[in-house]
Amino acid sequence: MVMSQTKAAFGQAEPADYESAVSARNISKNYGAVEALRDLSLEFPRGQLTSLLGPSGCGKTTLLKIIAGLLQPSAGEVEVNGHTVTGPGPDRAFVFQDFALLPWATVMRNVAFGLEMRGVAKSEREGIAAKYIAEVGLSGFEHSYPHELSGGMRQRVGLARALSVDAQVLLMDEPFSAVDEQTRRKFQEDLLALVQHENKTFIFVTHSIEEAVYVSDQIAILLPRPSRVSEIIRPSSFRSKGVDNIRRDPEYLDIVDQIWASLRSYVE
Amino acid sequence: MIVFGYRLPGMSSLIVWGLLWELVGRLKLTFFVPPLSEVVATLYTVIGTAAFQKALAETAYAFLAGVGFAIIIGIPVGILMGKNRLLDELLLPWVNVFLSAPLTALVPVLMVLFGFGMKAIIITTTLFGIWIIILNSRAGVKQINRSLVEMAHSFGASPVDAFFKIYFWAALPEILGGVRIGIIRAVKGVIIGQLLISIVGFGALFELYSANFLMGHFWAVLIVLFALAFTISEFLAYLERRVSYYAAKR
Amino acid sequence: MPNRSLLLKILSAVILFGAWEIAGRVPVSFAFPTFLESMAALVRMTADGTIFTAYAETLKPLIVGVAISTVLGIAIGLWVGLSQFFDWLFSPIFIVMQAAPLAALIPLLVLAYGIGLTSKVLVVCIMAMPVIVLNTSSAVRNTPESMKEMGRAFLASDTAIVLKIIIPAASPVIFAGLRLGISAGFIGAILSELKITPTGVGDIITYSRSIADYPSMYAAIFSIILLAVLFLNLLEKIEVVLFKGNQRGYVSD
């Protein structure tokens, strides 16, 4: 509960002196001769949601997977809560673009998978999983299989799986890109509530400008070949006006336009 | 497989297996495996013999005739099944039955019906190859994009035009896939036919060699056969890749 | 219409067997009995138990061979799929075996192992194993990358990734390979009974041909094809039930 107090304190602080939960320092990543990321540095404030936004092929997913420890950077390092990342760890959880659910396992087993891998006893992990299944609104589907669920429900399973391991950092790789527009909007609203209530740091990859502006406390715009951070935008005023009013807030619209202006020349 | 940063070619491990073979042969571990070098030496003498050339010619004849029938009958039947629902429902169960049935059991029937000769072998070959060709041609026609067909109609294509300019080409990748698997099966069929009707082709040759315990000769012929079969299957896979470049994009 | 598809299946069987009956009555050949004569022979052989003793003999090499191929084939396939080195070492052997007419090895096997059960089991093995190995290894290699990444992201050990992600993900394709392997095993079992020594169903076929008892010969052939097709269909049904939904759910739809 100490953490929530710190978070409240940061709400009033200047954007410049937040505390970083995750720092990426001078990251480079080469695939053979291809340079995916070059000397990229970025700070991710604790308890907030940072979006990585950019055109396709800009290396945003690569950066996310390096933070997750799924890829090794060619140079540079990532620190999470002061510890250098050498591989996947219990402090981070990942939400996959294609859900990555085990098709032969029930919702319950899928959600409990991370706990199972940590050696948590069956009854205990199912208790925890049930709680998060309820939290994402899937009560009653515990014993369904992924193919019986809609795309949106599948991603809720993926989200519950990431939440149930209680990691401080949640890495989301275009989590809503495979669900339909209405579901997506609902997801975005739920995500805002989640950022507010769960005291976690979110790193969110998306290629949708509107989505990034809608959900983010901080937006990092990545430009491609080789990838670098071109701009960091921190929306200030509209977050407190309530989910229903964000999309017609002048600042929201201005930021969307501004980002499009800087990205349009990179669209083929 | 990458060793010291250098990528070893796909089939290069066969060299290792060849050396192992040579070693086993040199150590005289078993009478049935002479050294590879000896087999290769025998290979040269065997290829020159009249018996081998006759066997090869007979096998090639039976194989080509069998495959020819399988293709000429199989593709049209498959296309018709793909276009006509009644025909499809009547024939499909049997095509599936014969696709997985142990066709070797039918060879004795062919032998009594068509005699102990070339005819029975050709029919065996056809029977091994035809079912997958039918099934794939059918699948190829079934998957044709409806809008492609409607496009042809809307631009006023006659049925004949539509068949040759649309159906055939749109189904071609699947058809060729079926022909490739069918031909690989037919290779097995022609050899099984010759083994059971062992008075022609390689069947006769094998009888001759094993009766005289000519292990070197036996292995030499096996190498030729396996190499031919492998070359045929790789060549067809290459052709299929050449044609199906557009299959992925539709 | 109650059930068009079932009606058409029955109609289709009636047409085929009817054609067989008519062709037998014409007759197209002295060695072509009618459908009813063949079925009568089948009933007779079933009644006096001949067919059961024959199958006890035929199924022996088939079951032993398929069991060996399954265990060995899946083990090698997993190995080849998981290790680049074994992939490089073994894949070419099985790719060549898959394309090659392995039946040609039979005379050699007979020379080396005699005409007993060993040779027949080996024939079944060489026919059934390549497809089992190749299916297993390619299924293991084709496990969706994101599922393996998911396992690593949630701290699964390498063993857990193999046991809890790769093997379950690969099992539908492995099972399909098994079905193809068993189908090839049937071919091998019959081939060895016809080529090596006539035993079991192969004996009925060979013997009744030699005494020109064609109805019995056709009945035996009919029964073995029926058995193989029924068994493979059963496997396919099991496959559908066992892996329902397993292939869906990977892709986002």
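Let me start with one residue: A:I209 sits in helix 8 of chain A, the helix that covers residues 209-215. Please keep in mind throughout that this is a predicted model. A:I209 has a relative accessible area of 13%, and because anything under 20% is counted as buried, it falls in the buried class. Leaving aside residues up to four places away in sequence, A:I209 touches A:L53, A:V256, A:I259, A:W260 and A:L263.

Staying with chain A for a moment, I would like to turn to its charged side chains. A:D166 and A:K200 meet through their side chains in a salt bridge, with 3.0 Å from N to O. This pair links distant parts of the chain, with A:D166 in the loop between helix 6 (151-164) and strand 7 (169-173) of chain A, and A:K200 in the loop between helix 7 (181-197) and strand 8 (201-206) of chain A, the two residues being 34 apart. Is A:K200 buried or exposed? At 3% relative accessibility, A:K200 counts as buried. Elsewhere in chain A, a network of salt bridges links A:R25, A:E77 and A:E79.

Now to the way the chains meet. Which of the two pairs of chains in contact shares the most contacts? That is the pair of chains B and C, whereas chain A and chain B do not touch, their nearest C-alpha atoms being 12 Å apart. As a general remark, the size of an interface is often given as the accessible area lost when the parts come together. On that basis, chain B and chain C bury about 4,700 Å² between them, with 80% of it on carbon and sulfur atoms. Chain B contributes 54 residues to this contact, and chain C contributes 54 residues as well. The count of salt bridges between chain B and chain C is one, and in it the side chains of C:K195 and B:E207 meet at 3.0 Å, N to O.

The contact between chain C and chain A takes 24 residues from chain C and 30 residues from chain A. Between them, chain C and chain A bury about 2,400 Å², 64% of it on carbon and sulfur atoms. On the chain C side, the residues that lose the most area to chain A are C:M150, C:F154 and C:L155, which together make up 29% of what that side buries. Two salt bridges are counted between chain C and chain A. A:K65 forms a salt bridge with C:E149, where the closest N and O atoms are 2.8 Å apart.

Let me look at chain C by itself. Helix 6 of chain C, residues 117-141, has 25 residues and reaches 36 Å from its first C-alpha to its last, close to the 36 Å expected at 1.5 Å a residue. Where does helix 6 of chain C bend? The bend, of about 35 degrees, is at C:A128, and a proline, C:P130, follows within four residues. Of the 25 residues in this helix of chain C, 20 are buried, so the helix is largely enclosed by the rest of the structure.

Helix 7 of chain C, residues 145-153, holds C:E145 and C:K148, which are separated by about one helical turn because they are three residues apart. C:E145 forms a salt bridge with C:K148, the closest N and O atoms being 3.6 Å apart, and C:E145 is exposed, with a relative accessible area of 52%. In helix 1 of chain C, residues 4-25, we find C:A19, which counts as partly exposed at 44% relative accessibility.

The side chains of B:R26 and B:E22 meet in a salt bridge at 2.9 Å, N to O, and, being four residues apart in helix 1 (residues 13-26) of chain B, they are separated by about one helical turn. B:R26 is exposed, with a relative accessible area of 56%, whereas B:E22 is buried, with a relative accessible area of 16%.

Finally, a word on confidence and on the overall tally. Chain B averages a pLDDT of 84, and 95% of the residues score at least 70. Among the elements of chain B, the lowest mean pLDDT, 67, belongs to strand 1 (residues 2-3), and the highest, 91, to helix 6 (residues 118-142). Over all chains, the salt bridges come to 27.

Terms used. Residues numbered from 1 in each chain as written. Chains lettered and ligands numbered in written order. Heavy atoms only, no water. Contact = heavy atoms within 4.5 Å. pLDDT = per-residue confidence, 0-100. Expected span 1.5 Å × (residues − 1). Bend = angle between axes of the 7 residues up to and from the residue. Buried < 20%, exposed > 50% of the residue type's maximum accessible area, 1.4 Å probe, protein only. Buried area = accessible area lost by both parts, 1.4 Å probe. Salt bridge = Lys/Arg side-chain N within 4 Å of Asp/Glu carboxyl O.
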